[in-house]
Structure formats: C-alpha cells, structure tokens
Amino acid sequence: MGLGTAEDTATEGAPVLVVQHLSKSFVTKKGAPALLALDDVSLAAHRGRVTGLVGADGAGKTTLIRTAAGLLAPTGGTVTVLGLDTFRDAIEIQRQVGYMPQKFGLYQDLSVAENMTLYAELQGVPMAQRPERFQKLLRMTDLTAFTRRRAGALSGGMKQKLGLACALIKSPRMLLLDEPTVGVDPVSRRELWKIVYELVEKEGIGVLLSTAYLDEAERCHHVVLLHDGKKLDEGPPRKFKDQIRGRVALVTPPAQIKPRQIQNRLAGRKGIVDATIRSGRVRVVMAQEGVQSLARAMPDAWQPTIQEAAPQFEDAFMALIPHREGHFQIASRSTAGPGADQDEVVVRTRDLQKWFGDFEAVKHLSFEVRRGEIFGLLGPNGAGKSTTFRMLCGLLSASGGEIQVAGHDLRRAGARARARLGYMAQQFSLYGQLSVAENLTFYGRAYGLANSRLQERLAWADAEFDLARWRNTPAGQLPGGYKQRLAMAAALLHEPDIIFLDEPTSGVDPLARREFWLRINGFAEQGVTVVVTTHFMEESEYCDRMLIMSQGASLAMGTPAEIRELARTPERPDPTIEDAFVALALGEVAPRGRATDAGKAGPP
Amino acid sequence: MVGTLRRILALIRKEFASIFKDPRSRLVLVGPPLIQFFIFGYAATFDVKNVRYAVLDEDRSSESRALLARLQGSENFELVQTLSSDRDIDTVVNLQRARLVVHIGPDFSRALHNGIPTTIQVILDGRNSNVALIALGYLGNIVEQFNRDLAARGQTGGGILLEERAWYNANLQSRWFIVSGLGGVISMVIVMIVTGLSIAREREFGTFDQLLVAPFRPGEILIGKSVPGMLFGLLDALLFSVGAVLWFEVPFRGTLTALILSLTCFIITIVGVGLLVSSLSMTMQQALLGSFVFMMPAIILSGFTTPIENMPQWLQIGTHINPVRYIIRALREIFLEGAGVPMVWPQLWPLLLMACVTLPAAAWMFRHRSQ
Amino acid sequence: MSRAALFFMRMRGFLRKEMLQIYRDPSSIALAIILPMVLLFIFGYGVSLDAEDVPLAVVLDDPGPEARDLSSRFDLSIYFHTHYATSITEAEAWLTRRQVEGIVHVPEGFAADLLNGREARVQVIINGVDANRARLIQGYSHGILQKWIEARQARGEPALRPPVTVAQRVWFNESSVSRNFLVPGLITLIMTLTGTLLTALVVAREWERGTMEAILVTPLRRVDLLLGKVLPYYVLGMMGMVLSVVIGIFLFGVPFRGSIGALFILSSLFMLASLGFGLLISAVIRVQFVAAQISIVAGYLPALFLSGLLFDLDSTPRFIQIVSYVLPAKYFVTISHTLFMTGNVWPLLLPNALALAFMAALFIGLAYRKITKRLDG
C-alpha cells in the first residue's frame, strides 16, 4: 500500500457525523414484509479522519450514506451531521457537505468546466473565489487539460475525479463518498486516495466513504464493518488484524503443483475460513491458530512450504463475516486430469484491430489460448477488453486481423460452431422476469438439449449451483451472487468446450467472487478452456496466463509470476499484479511479452 | 430440422413468458389498445350531431314557425337561443354559443303567399369548416323537404328534386368508416410495441448477445420473435373486428377468409417494420419513440381519418409505401362493400412485397448492429 | 451574500445546465423542433377534409339541352372531375370498381318535366364508405344545382325556383378550408409534445442517470428545482409554438386575426398547464419508459382526439364531452381557433383562459407537492 497506513493519526477531531440507533426499512411491494436495510446502527465520523464503511453487497453502506446526505428519512434513530439533524435541517446540511453518489452525478452532455460551474452555482460559490478554487481542484484532480471535454467522454477514473471535484467545490466540512473507486483502474484509485488524504490532512475535513475493496479499508483511520444491515464491528484497521494474528498462513506450492490445486483442496474444509491465491502462493485464513496443521489437509507427496503471514484486513473480514450455507461446495472436483498441458490452440488472434469511427479501440492484438487454460483479459474500464472479447464471440466484426475460435471465425461461422461454446455476458444477462427454471430451460433448449438430457442437466445445475430453492424465483429478484450462479449455470448447461466470461465478478461481493473462482478452477481442471475479462487485478492470480490491456493496446502478457516479476524492485520485493499494472501503466517498466509479438510468450 | 424447430419453439415460449411477466409490457398491451378502441370508436367521428343554432325570426308567422319546427324536430340540431335583433348575431356566433344562426326576414310569409321565391339567411361559424359544411347540408335537406311539402299542398309548382343515394353506408355514418379500419390500426400499435420492444428489451438487459452467441440462425430468431407479435396482433385485430360489429354495430358484409388473410398479410408486414425499428434501437426508450415516429404519420397518412384523395398529388403517390393505407382500404372493402379475397388482392400483394424487404433487413440488422 | 443573490446564482446555474443539455442532446431537439415540423407538414399537407377533383360519373339519359347545361356545371366545378358514361349500368360498374366516387344521373324526361312545371328529378349516387366525404359531395351537388336554377331564372328560362332557398354565409373561414382550423389546432398538439412528453422524459432521465441524486444533495430548494425545470421547457415550447405559427401563416396561408399579445399570454397559460402535467408525471414516475407511455396515453392522444382539434366535440357522446373538460387541450384548441380565425373575442377567450390558468396552477401545485428532496418519497 504505497501510501502507508494512516491509522496512527491519534488526534481525534470533533465528530462531524453521529449516527444513533439508525434503522431504515423499505417497503418493496404491497403486502410483502419491509426490507430492513439498516438495523440499529450507531457510529461516528470525526474531523480530520477517514471513516470507512466496509461490507459486502446489500450490507447497507449506500443506505447509510444517503441517510447522512439527507436523501432518506430514517425509520428509527437519528443522524446528526455537523450538529444538525438530517431529517429536519437537510438543506442546511447540504450547504456544508460534499456528496458523491455511486454514479458520480455528472451531466454527460456537459463539459468538465460546465459541470464544475453548475455545482459552484448551486452551492453558491461567489464569482470572485471561483477561478482560484477551480484551478486548485483541477490541479488536484489532474483535469486541467480536459476542462472542455464532455464528461461523457472521460475515462472512468477521470469521471470519478471530476465527481470528486464537484463534491469539493465549496470546501465542504464533510465529504460523503459512496463507493468512489468502483470500476476504476488501480492508478486512478491510488490518485483518489492521495487526494482524500490531502483534504483530510490539510483542510481537516471529515470523510465518510464506503467501499467494497477490502484493501482500501486499511487506508481508513476507522473502519465500520456492516453486514446485512447490522454493524458487526468497528475500530482502526489494526484492531481487526490483531484479532486474527496467528491464523493466517501462506502456502508455497512445490514446483509440480499449481497453487490452484492447493486452493481447491483447502477451500471449504472444516476449520478453514478462506483460501485464496496471492502472488503465486495460497493464502489461508484458519478458524483457529496453528497454521502448521494445514499440512495434514494435503497429500504427503505435495510437501508444501507453510509459513505464518501477517494478517491483512481482508483476512479479518473473511473471518468476521458469517459464512453462508452451501458455501464452497464443489460437486465436480477434478475428475479429468489437468488439461492445461495439452497443446491444442483453441483461440487464436492475429493482428486484431477494431476501429469505432476514428477511434482505435483495439490495437493490433495477437494471442493464443490453449485447451484447458484459464486466460484472462485484464485492464481498467475502457481498456478495450470487452471489445476484444466481443470480437472473439462473434458479436462484433473485427476491423482488421484474424480471429479463430475452435477453428472458426464466429462472425462468419454457422450456428453449429457456436453450439460448442458457452457465453456469460456482463451483468449476468438473464431474463429478469422469468424464473430460474424458465431461464435454464430456455438456454438448455436453445442449445438443443431436450427431454431426459435436459432434465438431467437441469438437475445438475440445481445441485452444482445450489439453485434448487430459487427455482421459481424470477431471476431479477435473485441476490447478486445467485444471479451470477444462474448466469454461469446457463452458460455451462450444454457442457461447452470453451467458455467466455465477461466481467463475471463485477458487482459481486468478495464471498461470491471467491466461490466463483473455485468453480472456474474446477471446470478448467476438467479440460474446459476459459477466457475471462476482469478489472479486479488480484483475480488474475487465478489465470494461467493473462493479457493486460490499456487503451486498446497490450501492456504485457504472461503467467501471473512473469507479470509480477516485471514490477520487482529492491524496495518492492514481493509485488502484486496490481503493482505491476501500475508500474506498466505509468511507464516505469517496459512492456514485456506483449501480445503484439504474435503471442509467443507461452507458459514456461 | 428438428433442432431448428426445437430452438424456435423454445424462443417462442420464452417470448410469451417474458411478455406476460413484464409488468411494463403488460401495461402497454392492455391499456392503450382499449383506450384507443373507445376513443376512436366514440370520439373519432365526423358525424355532426347536436349542432347548436340560434334563430332570428323577424316574420313570426305560422309559416316561419312551421319551418323552424322542422329544424327543432331534427336530431341534428339543438336550439340554444332565440334572438330579437340582428345585432345579437355577432355575439352569439363569436362566442360560439351557436354554430349557425337562421335568419328569417320580415316578409317571408308574404312572399310565400304571393308565390314569390324567398330566401332565408344562414350564418355559419366557419372555425370548424367541416362542421359548417355538413350542418349546411342538413339544413338544405330540411328546407328542401319543406319546399316539397308546400308543393304537395299545391301552394307552388314543381321544382327539381335531387334524389340522393349513398351506397354501402346508406345513412352516411362516419363511425362505420372509422371503426371498420380500427382493427388494423390498433393491431398495428400492438404489433409494433410487442415486436418493437422485443429486441430492444433484450439489448437493454444484455440478453441479446447471449442469443447471438447461442446456436440460433438469424432466420430462427426472426421467426421466434415474429410469432408472438403476430399472434397478439391477429387476435386483437379479430377481437376488435368483433367489437366493431357487436358494440359499434358496423355491418360485416365480406368474407371471413378475406378478413383473416388481409390481417395476416398486414401483420406480417408490420412485424417486419417493428423488428427493424427494434434492431435499430439500443434501448426500449428508443424503440418506443421509433415506433411512435413510424406510426404517427403512417396512421395519419393512411386514409384512416381523412381521405387520401384530399392530399396533394405528390403525397398521394408517397402513401403507396405506407402499409396502413392498404389494410384500411381492404378492411373497408370487406366490412362495408362485401369484398372477398379476389377483390382485396390488389391491397395484399403490396403488403407482402414490403414484408419481403423489412423482414430480411431486420434479420440482417440483428447481427450487424451490435456494439 | 444575500438570500436573493444565492437564489439567482442557483437558478442561473441550473438554467444554464438545462439549456446546454437541450442544446447538446439530439433527442430533445428532435422532440421539440423536428417532430413539430414533421407533424405540421403531415397535417398541413396530408390531412384535409376538403374534397377536390372528385371523379364523378355523369349519365345523361335525357338528350335535351337543359340536361347538358346542367352537366356542364358539374364539368366546370373545381370539386368534380366528370367522366361521361353511356348508361347507368356502366356508371354503376365504375362506382363498384372505385373508378368514380359518385354518379349524377339525369333521367329521361328531365327536360319535359322541367318545362311542364312538374317535379324534375336528378339522381345522385355516392359511395358512402367515407361518410364525411360523401356528405361533402352531396353538399357540392346541391350547391351546383341551386346555382344552376338561379342562373336559369336570371335568364328568364323556366326553372321553377323553389319557394324557399338558403342563402349561406360562412363567417371566419369564408372558403371553408379545413386547413384553416387544422393548423391552429395542431399547435396544441405540438405544445403538448414539448410540455408533457419531453418534460416527463428529461426529468425521468435525470433519475435514471443518477444526476438527480447529486443535485438533491445541494442547497437547491424544491422551488428552485421546479422553476429550473419549468423555465427552459417553457421557452422551448414557446419556440415550437412560434415556429408553428410562422409556418402556419406563411407557408399554409392560415389567417391570423387576433393579437400577438393575446396569443403569447394564452399560449403561455396552456404551456404552463401541460408543463405542470409533465412535471407531475415525472415527479411520480422515475422511469423514462413508463413516463413516456403515460404522457402519450394521457397527454398526446387526448390532445389529438378529445380536444376538438380534428373531431368535433359537440357530436361525441356525452361522457366523452365530460372527459374533455379536464383536458387543457380542449380549452386551448378553442382559444387558438378563435385567435386565428375570429380575433380577440375576450368574452370567449377569458373563460377558457381561466380554465387553463386553474389547471396550470393545479398541476404545477401538485407537482410542487410531489417533488421531494428525498429518495424515499
């Protein structure tokens, strides 16, 4: 965490926000029980400090921030901002706080300067102060060169910084940020945090922000952990980490074993809270102390190296969150042998190009994917990975170069060629009004499954994805994690050879993300080829190989170890993929193993 | 072949389920058609009734009263005011209290007794010229009848009788004219909305990509997407045709075969247009506005409410590419003129020709317009 | 800074934003400028209730000069285009095949009856499918016959003018051109599009795009929000109105007899009423799709069909007339017809203006009550 931990700032300022016994329920439908979004939550945020609201989806983070902004009326309890009640004095509060909603609240048709002017006028910033204030904010957010660009044409990171600038237009005494870093690339995330710290340290304002990125929690002075509308715990991040000291282990796999195999082995076992792949090793959080006992959970032949590791906030989070039923139950574990060493090339692109008008969205990409591989397309929003992906699936025509998927160009190939692949679109495209069973039946039939074969596969989906109890629920009303499961079940129902997954983990909480990757591992072990896009850098650890993209071009391609290696420096002996990305994006290291080099960089 | 059929069936089944389960689609399917049926049926009429009129009778004789009594007895007219001086005419017409004023001069009865032709003056409010002309026609008929009765009583000689007959619609009810075409227009609205939204909805929710990646051929998607719209459209068109006959008492003189065949041809064409609009739009919003932009001129320029023959020549030629024009004509021929299939055929082949353009164009668009 | 200064600053910012958005969003321009033009042209050219050059079969079974004299009157009329048939059978065949829309049949013995003072008959057969057109054809035939009789009488030929004839005077629209009442009525429809449909859409779009949420967390008050939405779309709607009036007068030659000031004031009232309705829809419904549906069904369709714009309200059943009383469009159609064709008839304009003012106040008041600075209603 380049900026260091700020939790040792001991001086506690005056409270800017006091939440007392706050409850908030929503009536969704007539007759249906009201949805309890917040249940008796009390907390405080202080001047000169960053208070983080951390929790999975549906934890109540957004509801709390909106209530603090005076957008929602509490069902029970009180919220006081700067000594004013949010229910009665909303307007007065709104004069003194800055608020950035999840979608940034920018007018897409207005330029950067026009958006800022709008908020300056609405907040009553006097004309005389504006030039100076604007200059300062633009400098701070690095947007000086883009004042005339339309907000709609900005990249995700720039939009977010502009949103922040608009929220800061009148030097607020308190800043409310709702998931400010969602969908933003790592470089922009780091810049945003830098700005937030400057504000807190120099101007002494209080910041309340919500985040689903657990690594960001460590950057807060004070963390409030929400789950299902209830406060689970709060305190400085160190307090959380101290609770699980001695329960975190790093397992380094021996040469012939993949970290994925170890993870598959450990995940879901009794006594193991969490198992993830980090920088080529498996990070394990245990229910009790005693990390060496892990060795017993693995075959003797593996002989992995086990060492205790310093806990991170994420480990504590996993340990604190109540785990769901049916979590981590993988029915189909490695039946077929590991398929990754088969040499058959399943997906091949050469010199792939895409132009939208005079905008080059994809610049000369060449890469190959082999059977049974998990191949990741990584990059921030707008890097061109979705465009590449859609060309692979035959949804977009390429402007130049060639594509072959299982020997066909899907754009031109007939329906039969498509029958062998599975596709899971962004945002888990399901028919929201149709029930789970109807969705599955439709996709089954669409791929030619019928009668007993269809019934068999439906039963498989119910069991594998734990969908049985949701059978008759409309897909649109499923919780996020189950939507993702259903989408995956639909894509896998016909047992495809290749599956394409577009941002399968965006908008899904950390628990569901872990589960998802375990499943994907399972399918890859069975010889299914997986092509996946993601903007979560740490997820690339699960891939066999990856292609990192930025602005349509390839930055690097290789195995996770190779990519990490790029960013290794004396000061940073153990870099993460994210570090590597930042280094690549900032041009600190030279791109390597680039996909433009005809994809020769294969696994070692 | 079996695979194709199975996939199409799966698609159709899914289409029906998603139409019935989407509250927004249900709203669109039920509300507007019903409202339109009654609005068109009741409000869209050129029949002129209850014409408010005022009378200025300067003669006050039994003859003038006899003439005015006929006016009062007609269901087309409604007396609102009896004026005492011609200065009042201005006010009464300007303020729209009366749409026409009948002015009988002081020597009306004397002229009649002496066998001298005489004139009554009628002042009409021309703000709605159509109402004015038709009211004038009604008045002319009443006066003519009055003349004939005078002649019968031997008070005057013969005259010229304009003997009028209207074929197909003897009482000249414009409701017949409007309502007979209603099935076509309303079914178009429904078909446009069902098919227009179908692809746009999938685009908006991201499921369309899923369909394109699945082993569907464009033709299969086309058929799967067309069938629900066609069934809904045909069902509604027939339902509204029955409603026209039973509720609005429009005669049905043609053959059922001709009706079903014409509606089917028309609906196939409209499905093509709807799918084209849908595959061009990226959101349901755009699809809805797109359908609106197509339907509005298509209805107005179809002869549904006002005759095509009244348009300038260049526009009349232009209406040949308007599918609604053909179905309106065919429906009127079937309902009112008793047409069978051979008689409506000239209206049907242009429809089929249009379908041959729009449907393949829509199928091509499926794949070529995706971002 | 004073409260007023802050208020003006907020309004300036908000209005500038709305203007820029309208200016940059093609769909607003399309709905506010292009669609009205299209409507205007479709209605101006495509919708006409005036029949001209109606193909008419003429059958002269009487060989005399009187019959030919009468038929030549039909030949010369601008309303008809005559085709001579040799027999009534042939003419009826034409009518069935729709080659003609009517038949004028002068039977044998017409001249003899006329000269001998007996009742002479002329038969007119019309295709009644389009009842309105048929009625107009009847009316035109009547007129031609009457003119012919008058002409004969003037020449001293035996004509036997009927004892009572009707002398007609059509006020305000002397030549009875239907365009003269369709185009002024259309302005109502165009202003409804901008006022109700466009307004409902833009506000719903702010909700969908999440900008409303950010705007709500500023010191903007409910009044500011209301004013900020009303003013720009008022201006836009009035621009559409001016455009329509200009096109109507200069392209379609519609007369304008009222005063510009009256038009401005009265159309402002109507604009505010339909804006208020649009804002009310969007304050309650935050989804563009549904908002569009409702504004079409509750705003556009009634303005077209229940306002007296195309179909005469007096002739509709009672319950339709009752429904029409709650529609602002009904009042404005009357106002617009009067201003264009009659003039500033204040005793007529005032009650309608009052009704509009009441509705504007009601809708805007309701919208104001429904606008909230909270997300949970």
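**Interfaces of chain B with chains C and A**

Reader: How many salt bridges does the rule find across the interface of chain C and chain B?

Author: In this predicted model, local features need pLDDT of at least 70, side-chain atom pairs count only at pLDDT 80 or more, and totals for chains, interfaces and linings use all residues. Residues are numbered from 1 along each chain as its sequence is written, chains are lettered from A and ligands numbered from 1 in the order in which they are written, and side-chain values use heavy atoms, with hydrogens and water left out. A salt bridge is a side-chain nitrogen of Lys or Arg within 4 Å of a carboxyl oxygen of Asp or Glu; C:D314 forms one with B:R99, with the closest N and O atoms 3.3 Å apart. Across the interface of chain C and chain B, the rule finds 4 salt bridges.

Reader: What is the area buried between chain C and chain B?

Author: Contact, meaning heavy atoms within 4.5 Å, involves 94 residues of chain C and 98 residues of chain B. Buried area is the accessible area (1.4 Å probe) that two parts lose on being put together, summed over both. Carbon and sulfur atoms give 65% of the area between chain C and chain B, which comes to about 8900 Å².

Reader: Which residues supply 23% of the area that chain A buries against chain B?

Author: Here 31 residues from chain A meet 27 residues from chain B, and the two chains bury about 2700 Å² between them, with 57% of it on carbon and sulfur atoms. The 23% share of chain A's side, more than any other three residues supply, belongs to A:R418, A:Q433 and A:R445.

Reader: Which residue forms a salt bridge with A:R390?

Author: Between chain A and chain B the count is 1 salt bridge. The closest N and O atoms of that pair are 2.4 Å apart, and the partner of A:R390 is B:D209.

Reader: Is B:E63 buried or exposed?

Author: The residue B:E63 is found in helix α3 (residues 62-73) of chain B, where helices are DSSP runs of H or I with at least four residues, numbered from the N terminus. Leaving aside neighbours within four places in sequence, B:E63 is in contact with B:F108, B:S109, B:L112, B:H113 and B:F146. Buried means under 20% relative accessible area, exposed over 50%, and partly exposed in between (1.4 Å probe, protein chains only). Because its relative accessibility is 17%, B:E63 counts as buried.

Technical notes: Helix = DSSP H or I, 4+ residues; strand = E, 2+ residues; numbered from the N terminus.
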